[in-house]
Amino acid sequence: MGGKTSAKSKNEWIAKAYDRINLTVPKGRKAELQAIAERHGQSVNGFINNLIDKALEREQVQAGGGFGFSDSVQENNCSSRLSE
């Protein structure tokens with residue numbers, strides 16, 4: 001019981017590796033986001049993360065600096081989602 005692929009193991013890993021943000025949107029917006037994400041071949045979570053990454057990148061460029069992250073952390077977290 002509790003093998004590497006169990007739901008409990010996955011949830012424990014996710015809790016260690018990620019922060020959670022609950023997002024509330026107006027009625028109907030979720031369906032819009034799902035449709036757009038699907039057209040881009042992404043999940044809603046991936047689509048929203050991609051938008052956040054792009055906004056953070058624009059802010060970083062405009063500010064001429066970083067957000068307090070090391071370059072390697074930014075590369076690892078952003079590069080895979082920016083290839084839209």
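A search of the whole structure, a predicted model, turns up one aromatic pair. Trp13 and Tyr18 are the partners, and their geometry is edge-to-face. The ring centres lie 5.6 Å apart, with 75° between the planes. Trp13 itself is exposed, because its relative accessible area of 51% passes the cut-off of over 50%.

**Overall fold**

The chain holds four helices and zero strands. Along the sequence the pattern reads α-α-α-α. There are 84 residues in the chain, and 10% of them are buried. The accessible surface comes to about 7,300 Å². Carbon and sulfur atoms supply 52% of that surface. Among contacts with a separation of 6 or more, 42% join residues 24 or more positions apart.

**Confidence**

The chain as a whole averages a pLDDT of 82. Of its residues, 71% score at least 70.

| Stretch | pLDDT | Contacts beyond four places in sequence |
|---|---|---|
| Residues 72-76 | under 50 | four contacts |
| Residues 78-84 | under 50 | 13 contacts |

**Helix α3**

Helix α3 runs over residues 44-63. It has 20 residues and reaches 28 Å from its first C-alpha to its last. That is close to the 28 Å expected at 1.5 Å a residue.

Which residues of α3 are buried? They are Phe47, Asn50 and Asp53. Seen down the axis of α3, the buried residues fall within an arc of 120°, so they line one face of the helix. An α-helix has 3.6 residues a turn, so residues three or four places apart point the same way. The face of α3 turned away from the buried side carries exposed residues: Asn45, Gln62 and Ala63. Just after α3 comes Gly64, with a positive phi of about 70°.

Val44 belongs to helix α3. Is Val44 buried, exposed or partly exposed? Val44 is partly exposed, because its relative accessible area is 26%, between the cut-offs of 20% and 50%. Leaving aside residues up to four places away in sequence, Val44 touches Leu33, Gln34 and Ala37. Leu33 lies eleven residues from Val44 along the chain. The C-alpha atoms of Val44 and Leu33 are separated by 6.4 Å.

**In brief**

The predicted model is built from four helices. Val44 touches Leu33, among others.

How values were computed. Residues numbered from 1 in each chain as written. Predicted model: local features only at pLDDT ≥ 70, side-chain atom pairs only at ≥ 80, totals over all residues. Heavy atoms only, no water. Helix = DSSP H or I, 4+ residues; strand = E, 2+ residues; numbered from the N terminus. Buried < 20%, exposed > 50% of the residue type's maximum accessible area, 1.4 Å probe, protein only. Contact = heavy atoms within 4.5 Å. Areas by Shrake-Rupley, 256 points an atom, 1.4 Å probe, with all protein chains shown as cover. pLDDT = per-residue confidence, 0-100. Phe/Tyr/Trp six-rings, centres within 6.5 Å; stacked < 30°, edge-to-face > 60°. Expected span 1.5 Å × (residues − 1). Arc of directions from axis to C-beta.
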